[in-house]
Amino acid sequence: MSVRAAVVGLGWAGRELWLPRLRSHPDFDLVAAVDPDPAARADVGAATGTPVHAEPDALDARSVDLAVVAVPNHLHTTVAARLLGRGVNVFLEKPVCLSGAEADTLAAAERDGGVLLAGSAARHRADVRELTAILPELGRVRHVDLAWIRARGVPQAGGWFTRRSEAGGGALVDLGWHLVDTLTALLGPSPVRQAVGATSDDFLNAGEWSAAWRREETAAAPTGDVEDTARGFLLREDGVSVSLRASWASHEARDLSLIRIEGSAGTAELRCTFGFSPNRQPESVLTLTREGTTRRLPVPAEPVGAEYGRQLDGVPALLADPAGRGRAIAEARTTVRLMERIYASARADRDRPGEPVYQQTTSR
């Protein structure tokens, strides 16, 4: 039986990622969409023939099995908690929440209602899966370098992505969430013993550094107040050290996503480009280095964005798993608390540019 799905939020992610994939996936039946904007509702209704509502309260568990929530970050918890409370299962785009307090709200809503699933695509990429497969050859993992560095990719000036009151933070929340989620998928969860970080905003309000592939229309350009680059260094309880960099813009020629894992028996490195930027690395390159010899390993070629469809492949089984309740929010709680700590370390002054909305700073 198909999963009856609705898309809540018809911005870029809702329109470009989820509507077409849900419509084409054999395990899903798109039955509704939701957005407060009349123009967005009219466009999607005309293009898909799907009923489009103004409010999430139009959805309930009798008519919808899953709501894919792709609203602006500051609305994630409010919208998802309302739907969960109505018994609707929710697939929530990253970042799942913006604080430990929001994580508590989602956990309480899930206990009393629908099941929460978390969207984070990078762990589902074919090249990341190939990297996962060679981890046993590395011996004991000692250090991981994680980076997602765009050459030019600041979300459009004036949009909610660059306003901390709506986004919760900048590149760390946006790109860094994928990196931290991928680290968890690769090595498993571990508390972080120490975390330090720094942020900067050198490119944020210069229009030539904006992301050309995001076609959202925005009002002309108030100044953004989040970071375009975040750097962190972490020490996990399992002894693994981690360097982390998330950058919306840089002086690089191409966008690069990097995962480098150093172990006692070897080092593996994946160089590729996450996401949809057209300014990509030519191909994914996975290498294994041992005792001075580097060997390139085969990586399956796949279309850009295939990982998003692969997420949907696993959703029916996740919904049917009785042990799945609480799993997504537990991982999200760990991630958001880590980001709170990185931002707190980076914050020299509460009012400095790039300061996020996070408030909790000491919890693990």
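Guide: The count of disulfides is zero, a disulfide being a pair of cysteine sulfur atoms within 2.5 Å. The model is predicted, with local features needing pLDDT of at least 70 and side-chain atom pairs pLDDT 80 or more, while totals for chains, interfaces and linings use all residues. Residues are numbered from 1 along each chain as its sequence is written, and side-chain values use heavy atoms, without hydrogens or water. C97 counts as buried, at 1% relative accessibility, and C272 likewise counts as buried at 1% (buried: under 20% relative accessible area, with a 1.4 Å probe and protein chains only).

Now the contact. Helix α7 spans residues 171-187 and helix α9 residues 327-346 (helices are DSSP runs of H or I, at least four residues, numbered from the N terminus). Their axes lie 10 Å apart and the packing angle is about 125 degrees (lines fitted to C-alpha atoms over the stretch in contact; angles run from 0 to 180 degrees between N-to-C directions). The crossing of α7 past α9 is right-handed, the near helix being turned clockwise from the far one by less than a right angle.

On the α7 side, the contact is made by L172, V173, G176, W177, V180, D181 and T184. They meet E331, A332, T335, V336, L338, M339, I342 and Y343 of α9, contact meaning heavy atoms within 4.5 Å. By class, the contact residues are 10 nonpolar, three polar and two charged, with Gly counted as polar and Trp and Tyr as nonpolar.

Methods:
Helix = DSSP H or I, 4+ residues; strand = E, 2+ residues; numbered from the N terminus. Buried < 20%, exposed > 50% of the residue type's maximum accessible area, 1.4 Å probe, protein only.
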